[in-house]
Amino acid sequence: MKNRIKYTVKIIIAALTVLIAAVILKLIPGTEYLFSPVMYFIIIIQCFRLISYIFKNTRILNKFHKPFRILIKTAVFLCVLVIVLLFAWYNYCFFPNDQDYIQKISDATEYKGNHLEEKELDLITNIHKAQFSHLLSKKDRNFLLNQDLKEKDIYIDENPYRNHPNNLKYASGRIFYYTYQKNSIVLNAESDVTYNIGKATGKRFLEFDTILPLSDTNGTVNIYYISDKKELLLHELIEPEIKPEIKPFRYSNVFDSLVFYFRHPGRSVLKDKDDWKKIRVEIPSYAGRLKIEFKSKDKKNNYLFLGSPAVYSTIDNKRNEHVNIVYIIFDLFSKQHVDLYEFYNEFSTMPYEDAVKKIGKRKIITPAIDRYKDDICLFENIFTAGQVTRPSITSLWTSQIFTKCRMPVFRNIITEENEQEFYNQNFTTLSNELSRQKYFTKQISCNAEGHSVSGVGADLGFDENYDYTMEPSELPENFRRVIEFLNENQNRKFFLYSHINVPHPPKWIPASYYLSSLPDTKFNTSSATALGNIRYLNDSLDKILQTIDKLKLRENTIVIITADHSMGNAHYFRGDITEKQKKMSTRESHRVADYYYRSVYTRKGRQFLLNDYMNIPFILIKPENLDIVPGKIDSYISSLDISPTLLDIVMNKKEIKFSGNSFKNLLFSNQDRKKSFNNFIPMVGRFQNGFVTDGRYKYYINLPGLYKYREKDGMRYIMQQEYVYDLKQDPLETRNLAYEADAAQLTKRLRNQYFEEFIEYPDKNFIQLSASASGKTSNYSIEIKSLNGKITYPKTYGDEIEYKPLSDKHIIFNCKVKDKTAIISFETNPPDSALRILIYKDGKPLNKNKIFSSVENINYFNNPVILEDKIDFHIAREYSKTGLEEKGIPSGAVSYYRIPVIYWMEMSLSDKDIKLSPGMKEVLRGWGYIQ
């Protein structure tokens, strides 16, 4: 009886413990962030104890008590064993602490003196002046650019910034592992290329990398210099490229991942030797002709690629007369991650050590950046042009609003059509412009959206692209590559862009960083992961900055540390929830509606135009050879303005193809640093959006699709929400003034300014011809005229459809329609050009009652269909459609409608015919984009 009472009491205590822990965890605000792992542990243990006591205290179950305890102990033992083994596997096989490895790479670098190795002749920039014994034929190029090669991990692309048959880009390696793309001159077997070279005053040399990707036999490279005589400078054997044997595996398959990293522990998967073979040869200083010759016994489909070929002249004591750029992006990096933003007053008014003492050492998480505080320009209000990576990066380097780039935002595969439409805009990029000015431009990343190798991004004009995408060794590998690049190119003009995927999910870091961050974040697991990532980022960045100091590159190199887009604020990131975070939690939700499958986007999410979500950290460490004034800059600036500024600083040049503006003057003077530099800040997320600001007030509106609901008289109405914030009185944007009576004139003024500057995605026009009910064939003729623009991108969907352009403003489509729907599409430039569309059926104008439009399928337009003003465009526009859906109109009828191009790019199935390599499929599966 005593035992029964004893265990009954224990049952009650255990049950109450579980109940109290659950209540604390779920019902008390804020505790989901606080000690949640501890609460879950208590609940699990107490549940086991509760079951054990019930067994012990019940006669029928008492005989099972001992086996149950043995079962539980065995289960606990096995769980502990699995946890220990997984920890050991993670810490020693999957992601060992690599700081010692990166430090050794940095320690191996060496300052090489103050001379400059200047590009005397860039062989690719000057390729039109070269003499080729055999130009690549159309047949050669068709073979090399065939998509079938990419399925075999042979990645060859055109160079959209140079138009020459022998200039292509080749990438060694395998997607999913690494790719190393170089801008190349291509020679087929038994051919050569010759350049005329003038006289030089000092030493010079020819340098390039070479690779032989499609041959089974060796080839040779001969380099001659021809003046009064023909001199052989180099005879070099070139062996065929051997692709890495590593096979893609599914990250989503835990067993495959475990096995892979047992077989390739730690950094054993990294390659020490590149596939490209470096060629460097001294050439005479007198004038002559430089000839590069490729010979091979295998003459069929055998091509040699010469990567980044250039003649360099060595000039003493000239290294510091130019400016280099090191541009480092950390993905999802936020201002709250940087000490200088959080504690600017302390760092700006105190010596470094005093500031650290006042703040507290445990709250200092980016000392690698903090120690340069006296040489830093800290930008408070630079805003990304994109909510996700592709629009952020593409807009950054092209200085174009992403609306114009004609690429999808979230569909993570770029089709050939997307690429071609991007290149047809004839944009330039910062890297392309600097290459033209004899800079060596390189991208080192673990993000494939800055080049065209994998089909995820577009070519942004870099001379070379090194992309390592195998997680998690991508992090030490890319830090290593950055350090090695700095060492190898310290005496050259260079522009280095590195995109590092920290602290972006999946946020893998050495275990010690996570464990040491748990107590600093009150055991909030998500904040501990974020904090551990930033500490890891800091320690790795520190090795890069150490290298820059050691190589004396601080004398002539701008270092920029920034993000592509931000993640906002994390609770308990620095140990407590701040008053700022508490106030931010009271803000109105900006969550958008969820969408059905293959509607607008298949991924749920939200778009925030609040400053802390669009705002990115931007830290510029000044070089010694520029009189940049350090300090804080409060001006509102778009990331579209960054490339024009860097080009202006480096070359004192303004590029007319850039849409942004240079803010160079803000760097070299304290004046105007508190004024708004840009009145309109564009941003692309799930829709094109943005805000206007005069420096104090900010306005934006949710566009169609980003709607909210308003309750009135018991009814629910869809509405487009407007927002107006006073950034001086309300910097955290907690009070929306848009619907306050005394702010009506302010709202109206800002609204008018917004619609004057806002740029929407263009519309794609569709005309759908329904099948005949009688089974007879109908002949349609559709004459389209753009009254004040051009007709672009005509396309047909169906059998027996053809079109004839009569001019760039006038086109006729002829269609035969029987038992299948036919669709034609086209665009206009500019998108809001007035249109006149005359529709004939069997030789007669189609009756107005047979012409439908809008989502309601109404007979709004006459024949001809005429669109002149915004109302016409608005009525014809349909959202959340691809344009290819059956309209449900009567047989023999026609529907005219407009689909915003963004929907077409995101939702159309035009990516279904893309031929992906096995490695690319695994990368996209790992990122969650395909199944």
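Hi everyone, here is a short walk through some local features of this structure.

This is a predicted model, where local features need pLDDT of at least 70 and side-chain atom pairs count only at pLDDT 80 or more, while totals for chains, interfaces and linings use all residues. Residues are numbered from 1 along each chain as its sequence is written, and side-chain values use heavy atoms, with hydrogens and water left out.

Let's start with helix α8, residues 254-263; helices here are DSSP runs of H or I with at least four residues, strands are runs of E with at least two, and both are numbered from the N terminus. Which residues of α8 are buried? They are Ser257, Phe260 and Tyr261. Seen down the axis of α8, these buried residues fall within an arc of 90 degrees, so they line one face of the helix; the arc is taken from the directions that run from the helix axis to the C-beta atoms. On the other side of α8, you'll find Phe255, Phe262 and Arg263 exposed. Buried means under 20% relative accessible area, exposed means over 50%, and partly exposed is in between, using a 1.4 Å probe and protein chains only.

Staying with helices, Ala528 lies in α18, residues 525-550. Is Ala528 buried or exposed? Ala528 is buried, at a relative accessible area of 0%. Between Ala528 and Tyr513 there are 8.6 Å in space, C-alpha to C-alpha, and the two are 15 residues apart in sequence.

Now to a sheet. Four strands make an open sheet in the order β22-β23-β24-β27, with antiparallel pairing; two strands pair if DSSP finds at least two bridges between them. β22 (680-684) and β27 (722-726) stand at the edges with a single partner strand each, so one side of each is left without a neighbour in the sheet. Inside this sheet, β23 (residues 688-693) and β24 (residues 697-701) run antiparallel and are joined by two bridges. Val692 has Tyr699 in β24 as its bridge partner.

Next, the backbone, for those of you who like torsions. The peptide bond from Val502 to Pro503 is cis, with omega near 5 degrees, and Pro503 is found in the loop between β17 (494-500) and α17 (511-517). A cis peptide bond also runs from Asn829 to Pro830, with omega near 5 degrees; Pro830 is in the loop between β33 (822-829) and β34 (835-841).

Finally, phi of Asn317 is near 55 degrees, a positive value in a residue other than glycine. Asn317 is exposed, with a relative accessible area of 56%.
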